[in-house]
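My notes follow in the order I looked things up.

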Amino acid sequence: MILIGFYFIFVRPPLLPEDLHYMAMSGEQLRAAAPRLTHWLGWVFTVLGGYIGGAGVLLVHLALGAFGERRPYAVLVAALAGILTTALMSVANLAIGSHFRFVLMALTAVWVAALVCSCLNTRRRHSTH
């Protein structure tokens, strides 16, 4: 998530070809209709990238702390964070037919797999005690 945040802040252009395709407009039509849109979107994606990267930093902290200490709320917090970030972004990208939908779905799958492994590991530890 930290890397995705950096991508949104430093690499992602304001409009991707798929954005124009979804809106059924050319870049020239959009610039004529809303000349400041790309500048505004640059700020929007900078803020979005900051939130995504910040969520990633908090999740690293959660992983190092609450997961390491086997806190019961750790999986719930990580699941909610995953639903509100990677999963929601995946659903939105599926809805618009994004070229990045499979990358985001893969990240969501890794997230889900990590949570399942954590739950299985916690169950295994509790059943041996």
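**Pockets, then rings**

I began with the second largest pocket and asked which helices build its lining. H1, H4, H5 and H6 each supply at least two residues of that lining. The model is a predicted one, and I keep that in mind throughout.

Next I looked up the space inside. The second largest pocket holds about 380 Å³. Its lining has 17 residues, and Met1, Leu59, Val110, Trp111 and Ala114 are the closest to its centre. I then sorted the lining of the second largest pocket by class. It has 14 nonpolar residues, three polar and no charged ones.

**Largest pocket**

I moved on to the largest pocket, with a volume of about 570 Å³. I counted 28 lining residues there. Nearest the centre of the largest pocket lie Phe8, Arg12, Met89, Asn93 and Leu104.

Which helix gives the most to this lining? I found H5 in that place, with seven residues. At least two residues each come from H1, H2, helix H4 (37-67), helix H5 (74-95) and helix H6 (101-128). By class, the lining of the largest pocket divides into 21 nonpolar, four polar and three charged residues.

**Arg12**

Arg12 was on the list nearest the centre of the largest pocket, and I looked it up by itself. I found Arg12 in the loop between helix H1 (2-11) and helix H2 (17-23).

Is Arg12 buried or exposed? Its relative accessibility is 13%, so I noted Arg12 as buried; the cut-off for buried is under 20%.

What does Arg12 touch, beyond its neighbours within four places in sequence? I listed Tyr7, Asp19 and Phe45. With Asp19 there is also a polar contact: the two side chains are joined at 3.3 Å.

**Aromatic rings**

I turned to the rings. How many aromatic pairs are there? The count is four. One of them is Tyr7 with Phe8, which is edge-to-face. I noted 5.6 Å centre to centre and 85 degrees between the planes of Tyr7 and Phe8.

I checked the accessibility of both partners. Tyr7 is partly exposed, at a relative accessible area of 26%. Phe8 is buried, at 11%.

Tyr7 also pairs with Phe100.

I then placed the two residues along the chain. Tyr7 is in helix H1, and Phe100 is in the loop between H5 and H6. They are 93 residues apart, so I logged the pair as a link between distant parts of the chain. Phe100 is partly exposed, with a relative accessible area of 36%.

Last, I looked at how the rings group. Tyr7, Phe8, Phe45 and Phe100 form one aromatic cluster.

**Ala24**

One backbone value went into the notebook as well. Phi of Ala24 is near 55 degrees, a positive value in a residue other than glycine. I found Ala24 in the loop between H2 and helix H3 (27-33). Ala24 counts as exposed, because its relative accessibility is 66% and the cut-off for exposed is over 50%.

Notes. Residues are numbered from 1 along each chain as its sequence is written. This is a predicted model: local features need pLDDT of at least 70, side-chain atom pairs count only at pLDDT 80 or more; totals for chains, interfaces and linings use all residues. Side-chain values use heavy atoms; hydrogens and water are left out. Helices (H or I, at least four residues) and strands (E, at least two) are DSSP runs, numbered from the N terminus. Buried means under 20% relative accessible area, exposed over 50%, partly exposed in between (1.4 Å probe, protein chains only). A polar contact is a pair of N or O atoms within 3.5 Å; within protein, one must be able to donate a hydrogen and the other to accept it, and residues adjacent in sequence count only if both atoms are side-chain atoms. Contact means heavy atoms within 4.5 Å. On a 1 Å grid over the protein atoms alone, a cavity is a set of points where a 1.4 Å probe fits but cannot get out, and a pocket is an open set with protein on both sides within 12 Å along at least five of seven lines; lining residues have an atom within 4 Å of a point. Grid points are joined across faces, edges and corners, and a volume is the space filled by probe spheres set on the points. Ala, Val, Leu, Ile, Met, Phe, Trp, Tyr, Cys and Pro count as nonpolar, Asp, Glu, Lys and Arg as charged, and the others, Gly among them, as polar. Rings of Phe, Tyr and Trp (its six-membered ring) pair if their centres lie within 6.5 Å; planes under 30 degrees apart count as stacked, over 60 as edge-to-face and the rest as tilted.
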